Amino acid sequence: MKCPPFEYHRATSVDDAVAALAAAEDSKILAGGQSLVPVLALRLARPTVLVDVNRIPGLDGLDVRDGVLHAGALVRHAALARQALHPLAAAAAASIGHAAIRSRGTLGGSLAHADPAAELPAVLRACDGAVVVAGPDGTRRVGADALFVGALQTDLAEPEMITGVELGVPDAWGFAEFARRHGDFAVVSVAAARFGDRLRVVVGGVAGVPHLLETSAPSGTGALDEVAGALADDVDPSSDLHGSAGHRRALTRELARRALADVITEPAREPT
Amino acid sequence: MRITLTVNGDRHRLDVEPRRTLADALREDLGLTGTHLGCEHGVCGACTVLLDGEPVRACLLFAVQADGCGVDTVEGLATPDGTLHPLQEAFSVCHGLQCGACTPGMLMTAAHLLAVEPSPDRERIRAEMAGNLCRCTGYVGIVDAVASAAGVMAWRPREDHD
């Protein structure tokens, strides 16, 4: 179908975007458009104004300071997949959709959309990251644990806009996902990040928000199975067309094992 | 809204409604019907074109967003004298199409793949072409065609083709 009519505002700055968002009753940010435009084409939403933020300068930077990746909200998935500053974010971004999706989709857009099966919300939570948000009353910082409220729901208010993203660079990391077809949203994904002796393992696709297990990084024989088992016990997935709850739990265990393989080091087995 | 698009090297000025997708602007306003529309919501890949060299779904991009940008479509692949691009040749020879609905998107996706990765193996080709759906061929001919074109393009001087 064709999209319903809307007014189009091409924002020139963050302030301009926030003012345009606040001025209209039912406005939406147009960033990469890879989730919003299908929603419009299927006429599931009819915003009156689209505020195009793609040409706002200075929102596509990537920079590591004090062990934290500071990324602009307009960093495309393709650019995130290419960078070497944050390998976990790169691996997760490379798993998103197809090349034509990654060349448009943005980091800020994916986080604001908050699809429970999406890769980047899981990474934000695994890295105990945060988003920098601009609104009519200035800017604020929202941590990953507070940002995601439910499926497709965030703590952001209507006239607010994500301008930047902070992702701690983990000492060790892993990412694994299972999708029905190449490029589909994952049925289950697991992002694991170790910071010193703290381990954060996040499962996507098993709840309305990315599910977090935080623990001290275990070691020793059987540590991998122990964490994977604890995670599978901890999640409470539901069944849908893409998989039963039991399937999702089994996937959680197996994908956690794969994601944690480079994160938890077990002592080498004695040769038998 | 007045915009400028440079399509296959030619500059066009046009006046479009904001909700006009790039795919519709190409087809309806510029008469470039080589870009096909299948699902119109970003799933099938038939409308894939290159925007400033990057592959995009032309059904998920409004024409106003492409204002001032360069767009490459399937019409730009063959040379002006009608000589087919090696990918077009290969799709014909390898039976990489039947009805042709998906072919423009396949060709543009493959053109981008070979531009950034000149000799992908079959597994890479399968992975990179997975965002373009074909209901006729079963994909084997398409993978054959891209692999074959990669070989030809590596061997043949490339001044004639981009």
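These legends go with several close-up views of a predicted model.

Local features are reported at pLDDT of at least 70 and side-chain atom pairs only at pLDDT 80 or more, while totals for chains, interfaces and linings use all residues. Residues are numbered from 1 along each chain as its sequence is written, with chains lettered from A and ligands numbered from 1 in the order in which they are written.

**View 1. The contact between chain B and chain A.** Here 22 residues of chain B meet 23 residues of chain A, a contact being two C-beta atoms, placed from the backbone, within 7 Å. On the chain B side, strand S4 (54–57), helix H3 (103–116) and helix H4 (122–128) each supply at least two residues. Helices (H or I, at least four residues) and strands (E, at least two) are DSSP runs, numbered from the N terminus. S4(B) gives the most to this side, with four residues. By class, the chain B side holds nine nonpolar, eight polar and five charged residues. Nonpolar covers Ala, Val, Leu, Ile, Met, Phe, Trp, Tyr, Cys and Pro, charged covers Asp, Glu, Lys and Arg, and polar covers the others, Gly among them.

**View 2. The two domains of chain B.** Take a look at domain 1 (2–76) and domain 2 (86–155) of chain B, whose bounds come from an automatic or database domain assignment. Their C-alpha centres lie 21 Å apart. Between them, 13 residues of domain 1 of chain B are in contact with 11 residues of domain 2 of chain B. Strand S3 (residues 48–51) of chain B gives the most to the domain 1 side, with three residues. That domain 1 side has seven nonpolar, six polar and no charged residues.

View 3. Strand S4 (residues 62–65) and strand S5 (residues 68–72) of chain A pair in the antiparallel sense over four bridges; pairing requires at least two DSSP bridges between two strands. Look for Arg65(A), which stands opposite Val68(A) in S5(A). Two residues separate S4(A) and S5(A) in the hairpin, and Asp66(A) in the turn has a positive phi of about 50 degrees.

**View 4. Glu40(B) and Asp52(B), each with a positive phi.** Glu40(B) is found in the loop between helix H1 (22–29) and S3 of chain B, and its phi is near 60 degrees. Glu40(B) counts as buried because it has 22 C-beta neighbours inside 10 Å. Asp52(B) lies in the loop between S3 and S4 of chain B, and its phi is about 45 degrees. With 13 other C-beta atoms within 10 Å, Asp52(B) is partly exposed. The cut-offs, for C-beta atoms placed from the backbone, are 20 or more others within 10 Å for buried, 12 or fewer for exposed, and in between for partly exposed.
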